[in-house]
Amino acid sequence: MADGGEQEELLSPSPVSPAKRLCSWPSPQAHHPRGSPGAAGGGAGGVGSSCLVLGARPHLQPESLLDCAAKTVAEKWAYERVEERFERIPEPVQRRIVYWSFPRNEREICMYSSFQYRGGPGASAAGGAGLPFRRGIRLLDSGSVENVLQVGFHLSGTVTELATASEPAVTYKVAISFDRCKITSVTCGCGNKDIFYCAHVVALSLYRIRKPDQVKLRLPISETLFQMNRDQLQKFIQYLITAHHTEVLPTAQKLADEILSSNSEINQVNGAPDPTAGASIDDENCWHLDEEQVKEQVKLFLSQGGYCGSGKQLSSMFAKVREMLRMRDSNGARMLTLITEQFMADPRLTLWRQQGTNMTDKCRQLWDELGALWVCIILNPHCKLEEKSCWLQQLQKWSDLDVCPLEDGNYGHELPNITNALPQNAIHSPELLQRGTTTITNLEGWVGHPLDPIGCLFLTLTEACRLTKEFGALLPSDMNESRPPVYQHVPMAAGSPNSSESYLSLALEVALMGLGQQRVMPEGLYAQDKVCRNEEQLLSQLQELQLDDELVQTLQKQCILLLEGGPFSGLGEVIHRESVPMHTFAKYLFSALLPHDPDLSYKLALRAMRLPVLENSASAGDTAHPHHTVSVVPSRYPRWFTLGHLESQQCELASTMLTAAKGDTLRLRTILEAIQKHIHSSSLIFKLAQDAFKIATPTDSSTDSTLLNVALELGLQVMRMTLSTLNWRRREMVRWLVTCATEVGVRALVSILQSWYTLFTPTEATSIVAATAVSHTTILRLSLDYPQREELASCARTLALQCAMKDPQSCALSALTLCEKDHIAFEAAYQIAIDAAAGGMTHSQLFTIARYMELRGYPLRAFKLASLAMSHLNLAYNQDTHPAINDVLWACALSHSLGKNELAALIPLVVKSVHCATVLSDILRRCTVTAPGLAGIPGRRSSGKLMSTDKAPLRQLLDATINAYINTTHSRLTHISPRHYGEFIEFLSKARETFLLPQDGHLQFAQFIDNLKQIYKGKKKLMLLVRERFG
């Protein structure tokens, strides 16, 4: 194979490269039957010249026998073998072999010029535009490829990068060597340092594939030289040296000296190297792969820890290996060997081993990928035995190294042996079936195993059945679309045990066996996550299979075997408590089987609804966070890190069944029972209820009552599960249930109103459930007649009174509102509020109810409740912004409007509860502005006279206000700072207004100021301000 340096071959007498095969020349009579040198090329083209137009043929014209033979020989045989086999090779035959030796499929060029040869569904156009293959296409389309010349098995040309705003145009020389339809070496003047080919190599290669008739073709240079006589050879050499004398003159002189020396090494070899003559028989025939760049890039990615971009790059390299294996390219194993060597040389392996620490999860994931790829290589049916032997020796060599990490050890090695776990006749014993548990399970799961045996075997079998579309040119759609693979049935070899089956049905059978295996949940987050990821990956590959009659029969047969498979099946009647659930697998089986065998699909899905790790340890009440329950159960695996994901998959399976069973009452009832028995998360049951409600009430068709009733049943279960536990979605759940019950009908609403105590808290029942049930919107939605409205209202009133009795603090007001239209019920609700006022009700709750009573036209009842609220209140001297101040002012205004007697009854309560001077002075001012008794209570008359502050009841309020100002003043002066002096002076000004209300108020205020000056004479600046303002 070439070393990529053809352009430098004249600079130094380097050893002969494998690609520069030694070409000897016999006598002209023996070897050159083509006649005179001039007869070879003819015309102005010179010796051996031609254009590839010889290979062109009219459209739809069959290929000539020469082309058919030349294509096969060019792909299978090294050119040296052709020369050895045939003494005389006509020149047209040589030309056609050389012509057909260049690669013909653009997909192979694309594979070696980018990590991904097509973007996935989510790949952006901008992201793919930078791939070398796309750039090469743009260079080709823009006419940047010029001076293309093919000399034997060597292609050369120039590629020009067009000028940009910041960069001038640059022309690069590109050289490509090829053999047997594979590129064996590349050289580009751009100095590309990457694993894959640069855009310039891509452009030149595509030019040769797409425009072969525009490429000048010459036979290998040794053939041309052989046709020259001595004078022509001397002229050729001298012209060549003259054209490149500064570069090649020292090399030319050294070679001349060696040739003239009879004992030199160069004269001991027959013939001379020719870089254009193709590969020798012993050369390995493989595509050019820069091994050093592979090593360097893997080493770089590993040094970055395999995170973020580096992890994606390594995953892309693994994907490239898979792509090579799919195309049966020997470089797949070669590239994987290089990657493995760098993985084994990772210095972190030694560090982890010395420290006794575990490998990081990200690194373990990469090692798992590596192992799975080696499994694919070893299982490759197209691999020769000697190749497998070499690989196994290499794998054993790596495995013997101390730093080689072990496979994931988180499998059940401590469990009892599966064959000895129970007596042979105990597998189907009635006692065991009654308990519903077993200690039998497989020690090591096939799905989630570090080497992914099921996935590798499935891919190996399906690859044998995969249809590949062979064509030379890649279309834009091939680059942008991710098309699913297409498979065909390939029968197994005759004489094999399963000769009646195809590889495709066998692949399906293998996948179903692996996914349906009962296996214990491994330890650790990474191992558990890997089980889920491998399962989902395998199922996604199964979904790509188009199920025909043969595959459906295989599916049915395997499902029946899984149901009857005993303890070794995850869908058997008896499973271990720690078994990996089958929900995701069963969802696939259900959807695949439903059109063909509904009974089997439902039976299988219902069996898979189990989650034994919760069912054997679930406690009563809500288990929305079931991992807390599991953690207290004695178990070899105390923590299921992926339990939340597993429960969501269980919910998805149930939702799929509910959707499919729409309209089938019997099946819906069975599914409902399974949900109520096996799902323990209130949040997930609520999600199922919402899904069922959506499906049952489509916007474009009629409502499905059967599924709607299932949604209501699930909602009721959620209410019961979350009644005594905290759930941040509880209010949303309650509102949804009322909506669902409304959709079902009036009987459902009556039912939840009558059984509210098992479903709702008193607050929820009154404020949400009952209020919504009797709302005008509900009446219109259900088109209720008068008896139905009365029935609902009666139920709501009964509920309101029951709730008020149970929780008067939260429900008294709601009860009064709901009972407004029924006098007896209203009086009962009011009495409940009065009775509860002396107990635990706060002043805020009582004031709210009092305001409601006034609004409804019961001022005396409002006054009574306000008085009770005042007895629960305590306002300190400095609480002048307390939220209850507005309630106090409202209560005083209410009592003042009712009359002097009510005001006299309230003022002692105010004096006792309120110690804030500003609030008291505000009350005093309001009471002196208007005459009392203006509310117009029947049977009472207002005197129309303003009340005096010198007489009761305002005198008591005035004295309390003055005392409050005095006490507040002393309190503020204790810790006053100079920045608050101005504010304090304003406070004294307000106090003076209150002091001046009685006749002797000015004397009392003056005495108060004098006392302040005497007591606080040390605060000279403050007292100076006091004198300036108040004298």
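This report walks through the nonpolar cores and the salt bridges of the structure above.

## About the model

This is a predicted model, in which local features need pLDDT of at least 70 and side-chain atom pairs count only at pLDDT 80 or more, while totals for chains, interfaces and linings use all residues. Residues are numbered from 1 along each chain as its sequence is written, and side-chain values use heavy atoms, with hydrogens and water left out.

## The nonpolar cores

Let's begin on the inside. In soluble globular proteins, nonpolar side chains tend to be buried together. A nonpolar core here is a set of buried Ala, Val, Leu, Ile, Met, Phe, Trp, Tyr and Cys residues joined through side-chain atoms within 4.5 Å. Buried means under 20% relative accessible area, exposed means over 50%, and partly exposed lies in between (1.4 Å probe, protein chains only).

The largest nonpolar core has 176 residues, and Leu-542, Leu-658 and Phe-760 have the most contacts inside it. Helix H32 (residues 705–722) gives the most to this core, with 10 residues; helices are DSSP runs (H or I, at least four residues), numbered from the N terminus. A second, separate core has 82 residues, including Phe-178, Trp-287, Val-321 and Ile-378.

## A look around Leu-658

Which residues does Leu-658 touch, not counting those up to four places away in sequence? Its partners are Leu-668, Ile-671, Ile-675, Leu-688, Ala-692, Leu-707, Val-710 and Leu-714, where contact means heavy atoms within 4.5 Å.

## Salt bridges

Now to the charged side chains. The whole structure holds 35 salt bridges, each defined as a side-chain nitrogen of Lys or Arg within 4 Å of a carboxyl oxygen of Asp or Glu. One of them joins Lys-71 and Glu-63, with the closest N and O atoms 3.2 Å apart. Lys-71 counts as partly exposed because its relative accessibility is 22%, and Glu-63 is also partly exposed, at 25%.

Another pairs Glu-652 with Lys-587, the closest N and O atoms being 3.7 Å apart. This pair links distant parts of the chain, 65 residues apart: Glu-652 sits in helix H29 (residues 643–660) and Lys-587 in helix H25 (residues 583–593). Glu-652 is partly exposed at 29%, as is Lys-587 at 27%.

Notes
Helix = DSSP H or I, 4+ residues; strand = E, 2+ residues; numbered from the N terminus.
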